[in-house]
Structures are given as C-alpha cells and as structure tokens.
Amino acid sequence: MTGHPYDVLAAQRLLPVLRNADADEAVRATTALLAAGCRAVELTTSTPGWAGAVARTAELADAHGHPALIGVGTVTTAAQARAALDAGAAFLVSPYPAPEVREVAARRGAVFVEGGFTPAEIASAVRACGAAKVFPAHVGGPGFVRSLRAVLPDAVLIPTGGIGPDDVPGWIAAGATAVGIGSGLPSDPEALAAVFARFRPAVPSRSAGPAVPAGPAVPAGPAASAGPGPAVQGRGVPDGPGPASRRAAAPEFRP
C-alpha cells in the first residue's frame with residue numbers, strides 16, 4: 001500500500017467522519033482512531049476550531065508509524081479549501097458539487113473527493129478527480145452504488161450518510177471503495193481496533209489486485225486515452241477516471 005490517500009482508503013475501507021464539539025475533542029478522537037489502526041481520518045468544518053485540530057493531528061502517525069492522512073470534510077468554499085490545505089490537510093471532501101473547491105484543489109495539486117448524488121454529479125466528480133463521495137448514500141442504498149460501479153469501473157466511490165459499521169460489508173460488496181462512517185464506531189480501544197482489523201487482511205491496496213470477495217478491483221493499469229484534461233501544477237491530467245488521472249490530480253504521499 002502506498003501513501004496516496006486513495007490507496008489508503010482502498011485498503012482501510014472505513015473513513016471515519018468526525019463532527020466534534022470542539023478542536024480538543026476532535027484531536028482526542030483522531031488520536032484514538034490512529035492508535036486503533038486507522039490512518040485516514042476526516043475532520044469537518046462544522047467542528048469549531050477545525051483548522052487548529054487539523055494542524056495538530058496532521059503531524060501524528062498511525063499505529064504502524066505511518067504519517068496520518070487527515071482530511072477535511074464539508075468543504076464548500078474556496079476559503080475553507082485554502083485554510084484546510086494551509087493547516088496540513090491530506091485531502092478535501094465536499095458533500096455536493098463545489099466548483100470553487102475543485103478549482104483550489106486543482107491549482108494546489110490537492111486530493112479532492114467531491115460530493116454528488118445524481119449519476120451526472122458523480123461522473124463529473126470522477127472525471128475531474130478520479131473520486132466521488134456518494135451522498136446521502138442511504139437514499140439510494142448499495143444497489144445505487146452497484147449501478148454506478150457498472151459505468152464507472154475505475155472510480156474511487158465513497159458512499160457516506162446513514163451507514164453504520166455493520167452495514168459496511170454490503171456496501172463494499174456493491175462496489176464502494178471505502179465507506180464514510182459518521183457514527184456508530186465503538187469507543188473502547190480494543191473494540192475500535194477490531195473494527196479496522198476486520199477489513200485490513202482481506203483488502204489489498206489498489207496496486208495489489210482485486211479484493212476477495214469484497215468489492216471492485218481498483219486497478220493500477222494505464223488510464224484510458226480520453227484526451228487531455230486540465231493541467232495541475234504543470235502536469236496534464238487525463239480526463240478519464242482511471243488511476244493515472246487520480247495520481248496526476250494529487251501529489252503522492254510517502255508511507
């Protein structure tokens with residue numbers, strides 16, 4: 001598994017989405033998740049003092065000594081996007097199409113998981129960034145993700161909204177790359193570690209081939225030659241949803 005956020009999410013399978021009362025609580029919750037074997041965590045702009053929490057947690061490491069990948073969710077404006085990246089965010093997430101955020105992410109070579117619900121919105125996000133947050137996921141259910149996967153076979157799809165930990169296997173089987181979890185994770189350290197360990201052994205990284213039996217392969221082959229897309233920090237980004245476009249759209253992170 002590399003340190004690119006998409007690879008980490010493909011292996012981790014769960015993306016905790018934290019909405020806390022204040023920055024200190026967010027730091028404590030993130031620290032507990034990292035100790036439990038989680039590496040990628042999404043904080044949100046709804047938490048008071050969220051930028052400070054990002055700056056404090058971005059310097060931490062997971063249980064294996066790998067640098068934490070702290071994302072920021074509910075990013076809907078250019079100002080929020082800039083503040084998140086300045087604080088050290090490894091990736092940005094929006095709940096719906098956010099052209100301002102997409103522009104900032106492209107200009108700064110940042111990873112952006114843009115939200116959408118309709119097939120057109122999700123396809124647009126994937127075309128631009130290689131990934132989409134499917135929100136609110138519970139409305140369409142796993143069957144909706146299965147239909148999306150049929151037409152977006154190489155996309156990173158992260159359904160979020162109304163999903164509990166026990167529901168995750170069904171969503172992965174339907175084609176989700178990872179699943180956003182906003183509540184329901186246990187507070188007990190051992191139980192929390194067991195949740196992440198449940199998925200880790202059977203789910204290789206994107207470059208290691210298909211998972212068995214849990215979900216779509218996210219291959220590492222060449223991207224489709226669909227023509228040049230927008231440039232990101234001087235690099236051409238193919239406008240197809242393949243892995244090459246994902247890696248060009250965002251910098252690699254060292255494990």
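**Entry 1: the model**

I am working from a predicted model.

**Entry 2: the largest pocket**

I looked up the volume of the largest pocket first. The value is about 210 Å³. I then asked which residues line this pocket closest to its centre. They are Leu18, Leu33, Leu185, Pro186 and Leu192, out of 13 lining residues.

Next I sorted the lining by class. I found 9 nonpolar residues and 4 polar ones.

Strand 1 (14-18) gives at least two residues, and so does helix 2 (23-35). Helix 2 gives the most, with 3 residues.

**Entry 3: Thr44**

I moved on to Thr44. I placed this residue in strand 2, which covers residues 40-44. Is Thr44 buried or exposed? Its relative accessible area is 0%. The cut-off for buried is under 20%, so Thr44 counts as buried.

I then looked for polar partners of the Thr44 side chain. One is the backbone oxygen of Leu18, at 2.8 Å. Another is the side chain of Ser46, at 3.0 Å.

Last, I listed what Thr44 touches, leaving out residues up to four places away in sequence. The list reads Val17, Leu18, Arg19, Trp50, Gly73 and Thr74.

**Entry 4: where the two searches meet**

Leu18 turned up in both searches. Leu18 is among the lining residues closest to the pocket centre, and its backbone oxygen is reached by the side chain of Thr44.

Definitions and conventions
Residues numbered from 1 in each chain as written. Predicted model: local features only at pLDDT ≥ 70, side-chain atom pairs only at ≥ 80, totals over all residues. Heavy atoms only, no water. 1 Å grid on protein atoms, 1.4 Å probe; cavity = no way out; pocket = protein on both sides within 12 Å on 5 of 7 lines; lining within 4 Å. Points joined across faces, edges and corners; volume = space filled by probe spheres on them. Helix = DSSP H or I, 4+ residues; strand = E, 2+ residues; numbered from the N terminus. Nonpolar A, V, L, I, M, F, W, Y, C, P; charged D, E, K, R; others polar. Buried < 20%, exposed > 50% of the residue type's maximum accessible area, 1.4 Å probe, protein only. Polar contact = N/O pair within 3.5 Å; in protein donor to acceptor, adjacent residues only side chain to side chain. Contact = heavy atoms within 4.5 Å.
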